[in-house]
Amino acid sequence: MTTVTDLETPAPAPAKHRAEVATSLPPARGQSFLKLVTIELRKSVDTRSGRVLIAAILAIALAALTWQITHLPAGAAGFDGFLGAASSGVMLILPVIGVMAMTSEWTQRTALTTFTLSPRRVRVQLAKFVSAVVLSAVVMTGVVVLALGTTALAGGVTDHAASFSGIGGQLAGAYLTMALNVVMGAAFGALIAQTAVAILVFFIAPTAWSLAGPALFKDNANYLDVFGALGRIAERDLHGMVPATLTAVGVWIVLPTIVGLWASSRREVK
């Protein structure tokens, strides 16, 4: 006698058929590192704060260049002078891009979604580091283009001759210093994970050392003076202070990066 239950309940598929269906599905593939970097770049420019920050950096550079072209010293209008004027303020703000790249997941409470889709946290954090450096390099390129244009303009509309001598070394120093600054900001962001606190510590801690260190440790303070180290790197001349430069970079950039990645990989996701 056939019951209603027998009519409504389908017979289970044979084990062989189930195995064939399972093997016919395409294998799941993880996201490539390039894809992660692209996603992080999109996150950085999709928010209002990110766009405002980039616009503010370019506006500061333009204001500095305007002041420079209206206060030209005697002699040629050198590209190095315009680049220095444009990048002096920019170098202070660009690291905020790195800080925000590392802290946005925790501040905006999207870490759960991100790490659910990409469970390998260190890989995601490294993608954030790379995206911050890439975005900063793009912004820095915009500043360089403005400096190049202003140098040419100064040679055309003033009685100063435009000079582009040593441009290759100047650009190399500027981009290397920019990358180290941004990585340092990202390292502090990975370590602290709160945007406001990370930015505050990033600006106050090395500044406090540069002020108090020489009074306490005399010349030995150079070993932890990251501003002096970055300045020598930007000038492409370490002035015979290779150990001090490497130590400062290691303590303020390499060490926070390692500890920040370790902390991020173990931080509780809420």
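Contact is taken here to mean heavy atoms within 4.5 Å. The structure is a predicted model, in which local features need pLDDT of at least 70 and side-chain atom pairs count only at pLDDT 80 or more, whereas totals for chains, interfaces and linings use all residues. Residues are numbered from 1 along each chain as its sequence is written, and side-chain values use heavy atoms, with hydrogens and water left out.

By this definition of contact, and leaving aside neighbours within four places in sequence, I69 touches F82, T150, L153 and A154. I69 belongs to helix α4, where helices (H or I, at least four residues) and strands (E, at least two) are DSSP runs numbered from the N terminus. Although I69 and T150 are separated by 81 residues in sequence, their C-alpha atoms are 7.4 Å apart in space.

Helix α4 (residues 48-70) also packs with helix α3 (residues 33-46), at an angle of about 80° and with the axes 5 Å apart; axes are lines fitted to C-alpha atoms, for helices over the stretch in contact, and angles run from 0 to 180 degrees between N-to-C directions. This makes α3 roughly perpendicular to α4, a term for angles of 65 to 115 degrees, while those under 35 count as roughly parallel, those over 145 as roughly antiparallel and the rest as oblique. From α3 the contact involves S44, V45 and D46, and from α4 it involves R48, G50, R51 and I54.

Pockets were located on a 1 Å grid over the protein atoms alone, a pocket being an open set of points with protein on both sides within 12 Å along at least five of seven lines, and lining residues having an atom within 4 Å of a point; a cavity, by contrast, is a set of points where a 1.4 Å probe fits but cannot get out. The largest pocket has a volume of about 470 Å³, and among its 23 lining residues S87, M91, T177, N181 and A234 lie nearest its centre. Two or more lining residues come from each of α5 (79-107), α8 (167-192), α9 (195-217) and α10 (226-234), and the largest share, eight residues, is given by α5.

The second largest pocket holds about 300 Å³ of space, and of its 21 lining residues K43, T47, M100, S104 and Q108 are the closest to its centre. Here the elements giving two or more residues are α3, α4, α5 and α7 (121-157), with α5 again giving the most, eight residues.

Five aromatic pairs were counted, where rings of Phe, Tyr and Trp (its six-membered ring) pair if their centres lie within 6.5 Å, and planes under 30 degrees apart count as stacked, over 60 as edge-to-face and the rest as tilted. F188 and F202 form an edge-to-face pair, with 5.8 Å from centre to centre and 80° between the planes. Because F188 lies in helix α8 and F202 in helix α9, this pair ties together parts that are 14 residues apart in sequence.

Note on methods
Points joined across faces, edges and corners; volume = space filled by probe spheres on them.
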